[in-house]
Amino acid sequence: MPPSGGFFMERDPMAKPITEKFEQMVLETSENGTAWTRICGLIGVTITRSAQVDTSEVPGDCNDESLPLDVEKAVRSIDVSVSADGSWAQQSHGDMLDWFYSGAPKQIRVGHLNAAPGDTEYEVGPALLTTLTNQRTKGQKVTCAIELQFDGVPARLVKAGP
């Protein structure tokens, strides 16, 4: 019997989550959308998916206008960005500076390589390199931080079945 006022769902006591390892979430760039390269030196990568929401107050009851209004919401737009940080690597130095100073979008993809067949494996599309920082600290390697913003909503590519 379910607990009073609660939601009850039977669970398989042996089911464990299938997780994703560090190296299975990838950030890659491409000049032509066919040959993909990982940005060397990055350690932390965060993808942020956000929705801009409009709110409208509407009558809750047309027959009794003394009642409070209802609040309805609708998604106006979707924004996807990627932030990453790590060590500044010589292998990516020229490409990153060229990309930033060009002001042009480049094809990127974020991959979840451990996705199940039929689920989204890659989010792909043109992106702008909007922030590129370097930092030095005595006794440590030079670090970098980048911010990428998809130009539009990225395409979602499904992982093929076995």
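This is a predicted model: local features need pLDDT of at least 70, side-chain atom pairs count only at pLDDT 80 or more; totals for chains, interfaces and linings use all residues.
Local features need pLDDT of at least 70, side-chain atom pairs count only at pLDDT 80 or more, totals for chains, interfaces and linings use all residues, and side-chain values use heavy atoms, with hydrogens and water left out.

**Stop 1: strand 5**

Select residues 106-112, which make up strand 5. Strands here are DSSP runs (E, at least two residues), numbered from the N terminus. Five of the seven residues in strand 5 are buried, where buried means under 20% relative accessible area, exposed over 50% and partly exposed in between (1.4 Å probe, protein chains only).

To find your place, look at Ser30, whose bridge partner in strand 5 is Gln107. Next show strand 6 (residues 120-135), which also pairs with strand 5 in the antiparallel sense over six bridges. Here Lys106 has Ala127 as its bridge partner.

**Stop 2: Glu28**

Click on Glu28 in strand 1. Is this side buried or exposed, going by the residue Glu28? Glu28 counts as buried because its relative accessible area is 7%. Show its side chain and you will find polar contacts (N or O atom pairs within 3.5 Å, one able to donate a hydrogen and the other to accept it; residues adjacent in sequence count only if both atoms are side-chain atoms). One of these, at 2.5 Å, goes to the side chain of Arg109, and another, at 3.4 Å, to that of Arg38.

**Stop 3: Glu123**

Move to Glu123 in strand 6, which is buried because its relative accessibility is 8%. Its side chain makes a polar contact of 2.8 Å with that of Arg49. Beyond four places in sequence, its contacts (heavy atoms within 4.5 Å) include Ile108, His112, Phe150 and Pro154.

**Stop 4: Val53**

Finish at Val53 in strand 3 (residues 42-58), which is partly exposed at 41% relative accessible area. Select Val75, Ile78 and Val153 as well: with Val53 they form a nonpolar surface patch of about 360 Å² accessible area.

Terms used. Residues are numbered from 1 along each chain as its sequence is written. Patches are made of residues with over 30% relative accessible area and no salt bridge: like charges are joined within 9 Å, nonpolar side chains (Val, Leu, Ile, Met, Phe, Trp, Tyr) within 5 Å. Accessible areas come from the Shrake-Rupley method with a 1.4 Å probe; for residues, only the protein chains shown count as cover. A salt bridge is a side-chain nitrogen of Lys or Arg within 4 Å of a carboxyl oxygen of Asp or Glu. Helices (H or I, at least four residues) and strands (E, at least two) are DSSP runs, numbered from the N terminus. Two strands pair if DSSP finds at least two bridges between them.
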